[in-house]
Amino acid sequence: MFVSECLNVNEKGHLTIGGCDTVELANQFGTPLIVYNEETIRKNCREFVSSINEHYEGKGLVYYASKAFSCLEMCRICKSEGLGLDVVSGGELYTALKADFPPEKICFHGNNKTDSEICEALDAGVGRIIVDNIEELRKIGRTAAEKNKTAKVLLRIKPGIDAHTHEFIKTGQIDSKFGFALETGEAMEAVKLALAEENIELMGLHCHIGSQIFDIDPFILAAEVMIAFIAEIKKETGTELTELNLGGGFGIKYTGDDNPESFSEYMKKVALSLKATAEKYGIKTPFVMIEPGRSIVGAEAVTLYTVGSVKEIPNIRNYVSIDGGMTDNPRYILYGSKYDIHCANKMNEPRDYMATIAGRCCESGDLIQKDAMIQKTQEGDIIAVLSTGAYNYSMASNYNRVPRPAVVMITDGKPRLIIKRESYDDLIANDI
Ligand code: LLP
């Protein structure tokens, strides 16, 4: 019935997550509140790991893409599950290191890494730096030389695949700001430069075709293109690269209309194609890395809000105003994202009321959803927006000087605060 198995309804007719009553959570911690369920997050981690074990003889590593939701506790969970971590900024790297995440299991991304980020990555001894462009490649080479270190890198390649997803979150096509293009010869030029750089060790290639993708075919196609390129590199330079990072992007269930395949099915098909293509081109099957973000945390959290007012405009629309909005969830205003929304304290009542869930910012577009079907709602009700675990808190802002919400993790049926609610003092902490 729900987008995640961690959700249910209790005898009071209240929505539960990880066995906890969301209405009680709202009372205890206040709203807006983001609530994650640890058990299903860990289950997702394990499913990714076991799918590589089962279908690819364990010859790979799962890196959690921390941009989906980065905080100390998420880093600790990933560490204890044996995952690697994909970080995309100095800030995400700092968070990982503060959580004692092993640096050798971190890969450092970014399409325009700053000089100081390159230094931070090298000083920390991150396992891999994913190089985006020629200038950066040279800069990493120079900085590594100055530090008397060798940077282990992967080159980010645009495989020329057009994944079927929102325009803003597809990345694998030639017209993209990310990575080296294959078609223009730029990627081969970068490979040769990387091989020639003294303080750079080229370990392999990386690609990421986009996010929230349901169709497995574009992933398979990308894997094939990358293997073909590894073979071409071998032919042209004599070097056979041994690592292939296939990125993330696996779609999750936001509403009943979404139907993602299991991770295992994805890995099974991709592994088959990797093996067959490697054999066809006469190269060894590479060590594979994948970088799931959304699919680890996305469906395992809900955001709880309190309704402040209901404005019924006859023959036009019903606005249900909540105490959060684009400041904690900018995904509707950015992508028109669909969500499954419930009145958490009225779960046994019919969802026959059409409501536009409006945020509290001075911005007409500050909506969480337009014309959603929910239970008939009034002031004081608790609204639960499901599948808000990925790219919500991590994209939250302080627009209108709204403090970011608190985040709670349910562990063994008990809630614990993992991120405090921002205070007004936090808001002016850097003001001078
Ligand atoms: N690896 C790379 C290089 C990426 O750029 C991304 C996401 C991932 C892995 C993880 O992708 P995932 O498994 O989470 O789909 N803010 C957007 C999503 C942006 C994705 C950015 N890159 C949203 O809210 O839908």
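## Gly308 in strand β14

Gly308 is found in strand β14, which spans residues 301-313; helices (H or I, at least four residues) and strands (E, at least two) are DSSP runs, numbered from the N terminus. This is a predicted model, in which local features need pLDDT of at least 70 and side-chain atom pairs count only at pLDDT 80 or more, while totals for chains, interfaces and linings use all residues. Residues are numbered from 1 along each chain as its sequence is written, and side-chain values use heavy atoms, with hydrogens and water left out.

With a relative accessibility of 46%, Gly308 counts as partly exposed, a class that lies between buried (under 20% relative accessible area) and exposed (over 50%), computed with a 1.4 Å probe and protein chains only. Not counting residues up to four places away in sequence, Gly308 touches Ser321 and Glu379, where contact means heavy atoms within 4.5 Å. The C-alpha atom of Gly308 is separated by 9.6 Å from that of Arg360, a residue 52 places away along the chain.

## Thr377 in the loop between β18 and β19

Thr377 lies in the loop between β18 (367-374) and β19, and at 3% relative accessibility this residue counts as buried. Leaving aside neighbours within four places in sequence, Thr377 is in contact with Val307, Val310, Val320, Cys343, Lys346, Tyr353 and Ile383.

The side chain of Thr377 also reaches the backbone oxygen of Gln375 at 2.6 Å; a polar contact is a pair of N or O atoms within 3.5 Å, and within protein one must be able to donate a hydrogen and the other to accept it, with residues adjacent in sequence counting only if both atoms are side-chain atoms.

## Salt bridges

The count comes to 24 salt bridges, each being a side-chain nitrogen of Lys or Arg within 4 Å of a carboxyl oxygen of Asp or Glu. In one of them the side chains of Lys43 and Glu5 meet at 2.7 Å, N to O. Lys43 lies in helix α2 (residues 38-56) and Glu5 in the segment before β1 (7-9), so this pair ties together parts that are 38 residues apart in sequence. Lys43 is partly exposed, at 35%, whereas Glu5 is exposed, at 60%.

Glu38 forms a salt bridge with Arg416, with the closest N and O atoms 2.9 Å apart. Because Glu38 lies in helix α2 and Arg416 in strand β21 (residues 414-419), the pair ties together parts that are 378 residues apart in sequence. Glu38 is buried, with a relative accessible area of 8%, while Arg416 is partly exposed at 29%. A further pair is Arg404 and Glu422, whose closest N and O atoms are 3.0 Å apart. Salt bridges that share partners join Glu38, Arg42, Arg46, Glu73, Arg76, Glu81 and Arg416 into one network.

## Surroundings of the ligand

Of the 19 residues around the ligand, Ser211, Glu291, Arg294, Arg331 and Tyr391 come nearest, a residue being near if one of its heavy atoms lies within 4 Å. A polar side-chain atom of Glu291 lies 2.7 Å from a nitrogen atom of the ligand, and polar backbone atoms of Gly249 and of Gly293 are each 2.9 Å from a ligand oxygen atom. Taken alone the ligand exposes 580 Å², of which the protein buries 91%, the areas coming from the Shrake-Rupley method with a 1.4 Å probe.
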